[in-house]
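Subject: Handing over the model

Hi,

Here is the structure I promised to pass on to you. Please have a look at it first, and then read my notes below.

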Amino acid sequence: TDVANASRPIKAAEIDKAKQAGYYPEEFKVAMDSLAVVVNKSNPVKEITLKQMMGIYTGKINNWNELGGEDKPILRYSRESSSGTYQMVKEMVLKNQDFAADTQTMPGTSALANAVGQDEGAIGYGGAAYFLNQPNVKILAVKKDAKSEAVSPVGADGKLDYEAAWSGRYPIARYLYMYTPF
């Protein structure tokens with residue numbers, strides 16, 4: 001491989017393995033990626049705090065009425081544990097706590113979007129760009145805390161709000177990387 005794409009920084013063990021094979025990975029930060037929190041389009045909830053998201057994904061919040069929504073159980077969808085997206089949410093949102101045992105893992109963002117779009121009580125997350133053209137899901141605005149402004153990764157024009165990610169106003173954003181073997 002001449003160039004490897006990654007949604008997370010390379011791990012020390014991966015660097016060591018590459019060096020053992022005679023490669024010395026060089027890292028390039030090439031883009032910012034906002035992760036969107038999505039619910040079924042029929043869900044009346046419009047925004048969520050990072051603490052509420054942590055509560056949902058750790059199993060402390062289990063009903064939408066705890067977030068001002070309808071009296072409906074929350075069905076949690078996540079990416080699989082090998083995903084950089086999963087790792088980011090675990091670190092940034094869950095503060096390295098475990099996901100609730102009933103969280104359903106999905107092999108990709110497409111499967112996650114389909115599942116959330118089919119269940120009125122569902123919640124999921126993934127790269128914001130992917131959800132722009134998904135008619136059955138709604139992207140929630142995210143607040144850093146209860147007193148913060150709710151910020152969407154999508155602007156009023158329906159396109160990604162790059163400035164929200166780059167400026168840090170949108171709280172769930174990460175770098176995307178490319179690695180070369182030199």
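Let me start with a salt bridge: the side chains of Arg-8 and Glu-14 come together with N and O 2.7 Å apart. By salt bridge I mean a side-chain nitrogen of Lys or Arg within 4 Å of a carboxyl oxygen of Asp or Glu. Arg-8 is partly exposed at 23% relative accessible area, and Glu-14 is partly exposed at 30%. Here buried stands for under 20% relative accessible area, exposed for over 50%, and partly exposed for what lies in between, with a 1.4 Å probe and protein chains only.

Before going on, a word on the source: this is a predicted model, in which local features need pLDDT of at least 70 and side-chain atom pairs count only at pLDDT 80 or more, while totals for chains, interfaces and linings use all residues. Residues are numbered from 1 along each chain as its sequence is written, and side-chain values use heavy atoms, with hydrogens and water left out.

In total, the structure has 10 salt bridges. Another of them pairs Asp-102 with Arg-76 at 2.9 Å, N to O. This pair ties together distant parts of the chain, 26 residues apart: Asp-102 sits in the loop between helix H3 (84–92) and strand E5 (104–106), and Arg-76 in strand E4 (residues 75–79). The helices (H or I, at least four residues) and strands (E, at least two) are DSSP runs numbered from the N terminus. Asp-102 is partly exposed, at 45% relative accessible area, whereas Arg-76 is buried, at 3%.

Arg-169 and Asp-161 also form a salt bridge, with their closest N and O atoms 3.6 Å apart. Arg-169 is partly exposed at 36%, as is Asp-161 at 22%.

Phi is near 55° for Lys-95 and near 70° for Asn-96, positive values in residues other than glycine. Most residues other than glycine have a negative phi. Lys-95 is exposed, with 55% relative accessible area, and Asn-96 is exposed with 51%.

(A pocket is an open set of points on a 1 Å grid over the protein atoms alone, where a 1.4 Å probe fits, with protein on both sides within 12 Å along at least five of seven lines; lining residues have an atom within 4 Å of a point.) Strand E1 (4–6), helix H1 (12–20) and strand E8 (173–180) each give at least two residues to the lining, and E1 gives the most, with 3. By class, the lining has 8 nonpolar, 3 polar and 2 charged residues.

Finally, the surface: Val-3, Phe-28, Val-30 and Met-178 make up a nonpolar patch with about 310 Å² of accessible area together. Such a patch takes residues with over 30% relative accessible area and no salt bridge, nonpolar side chains being joined within 5 Å. Phe-28, in strand E2 (residues 26–40), is partly exposed at 36%.

Best wishes

Note on methods
Patch = residues over 30% accessible without salt bridge, like charges linked within 9 Å, V, L, I, M, F, W, Y side chains within 5 Å. Areas by Shrake-Rupley, 256 points an atom, 1.4 Å probe, with all protein chains shown as cover. Nonpolar A, V, L, I, M, F, W, Y, C, P; charged D, E, K, R; others polar.
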